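The model is on show just below.

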Amino acid sequence: MQIFNNIYNVLTTPREFFTSLNDENNVPRLSIAIWTLCIVNTVFFTLKYNFSQNGFWGYLPQLVISCIGGVILLYLAGAFFEFVAKIFNKSGKMKPVMCAFAYATFPLVLFAPVQLLKPIGQIGYFLGVVFEIILYFWSVYLMAKAIEITYELSFSRAVMVIFLPLVCSFVSIFWLIEFVSKMIYIFKI
């Protein structure tokens with residue numbers, strides 16, 4: 001029942017829930033958070049899968065890979081934010097951040113009922129897309145709120161930290177393009 005209480009609390013009172021995660025006595029077991037993440041990945045993956053192609057046995061390995069991939073991404077996100085926090089001498093909160101991120105993705109489960117709107121027509125498709133965007137930004141908001149409370153940052157800084165990997169990816173792509181173009185120019189002679 002703790003998993004349902006945690007899900008209810010993250011959806012209704014995220015500030016109090018994320019604050020309670022920082023208390024060592026109240027940190028839920030990471031395994032419960034990982035099960036929550038697996039539920040989210042299962043529902044989200046099921047929406048994208050076409051059962052008529054391979055049937056259940058073609059679906060099962062991809063579902064397991066989706067769940068394992070979600071857990072690996074959770075650990076990578078926790079390690080990344082722990083690394084960033086270590087730079088600012090606020091480290092040591094990897095477990096609460098990982099738990100918070102796992103619960104912050106739970107609004108994505110609501111994609112399933114929203115998908116039922118899309119086949120209705122153009123208005124249904126439009127409403128489905130709008131609701132999915134709202135749910136996605138709700139999840140990003142919960143992640144930013146989790147970072148804000150866990151690492152004691154302002155909300156704007158927490159949003160910047162959330163989008164830091166995306167910005168770093170763009171910068172690294174440009175650096176890679178620049179490097180390759182210089183190497184082509186150097187070896188072209």
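## Where α7 meets α8

In α7, Val140, Tyr141, Met143, Ala144, Lys145, Ile147 and Glu148 touch Phe155, Ala158, Val159, Val161, Ile162 and Phe163 of α8 (contact means heavy atoms within 4.5 Å). By type, the residues of this contact split into eleven nonpolar, no polar and two charged.

The axes of α7 (residues 122-151) and α8 (residues 155-187) come within 8 Å and cross at roughly 115°. That makes the two helices roughly perpendicular (65 to 115 degrees). The crossing of α7 and α8 is right-handed, meaning that the near helix is turned clockwise from the far one by less than a right angle.

## About the model

This is a predicted model, where local features need pLDDT of at least 70 and side-chain atom pairs count only at pLDDT 80 or more, while totals for chains, interfaces and linings use all residues. Numbering starts from 1 along each chain as its sequence is written, and side-chain values use heavy atoms, with hydrogens and water left out.

## α2 against α7

Helix α2 (residues 14-21) packs on α7 at about 45°, axes 9 Å apart, so the pair is oblique. Pro14, Arg15, Phe18 and Thr19 of α2 meet Leu142, Lys145, Ala146, Glu148 and Ile149 of α7. That contact has five nonpolar residues, one polar and three charged.

## The two sides of α1

Over in α1 (residues 2-12), Ile3, Asn6, Ile7 and Val10 are buried (under 20% relative accessible area, with a 1.4 Å probe and protein chains only). Down the axis of α1, these residues fall within an arc of 100°, so they line one face. Phe4 and Tyr8, on the face turned away from that buried side, are exposed (over 50%).

Terms used
Axes fitted to C-alpha atoms, helices over the stretch in contact; angles between N-to-C directions. Helix = DSSP H or I, 4+ residues; strand = E, 2+ residues; numbered from the N terminus. Parallel < 35°, antiparallel > 145°, perpendicular 65-115°, else oblique. Nonpolar A, V, L, I, M, F, W, Y, C, P; charged D, E, K, R; others polar. Arc of directions from axis to C-beta.
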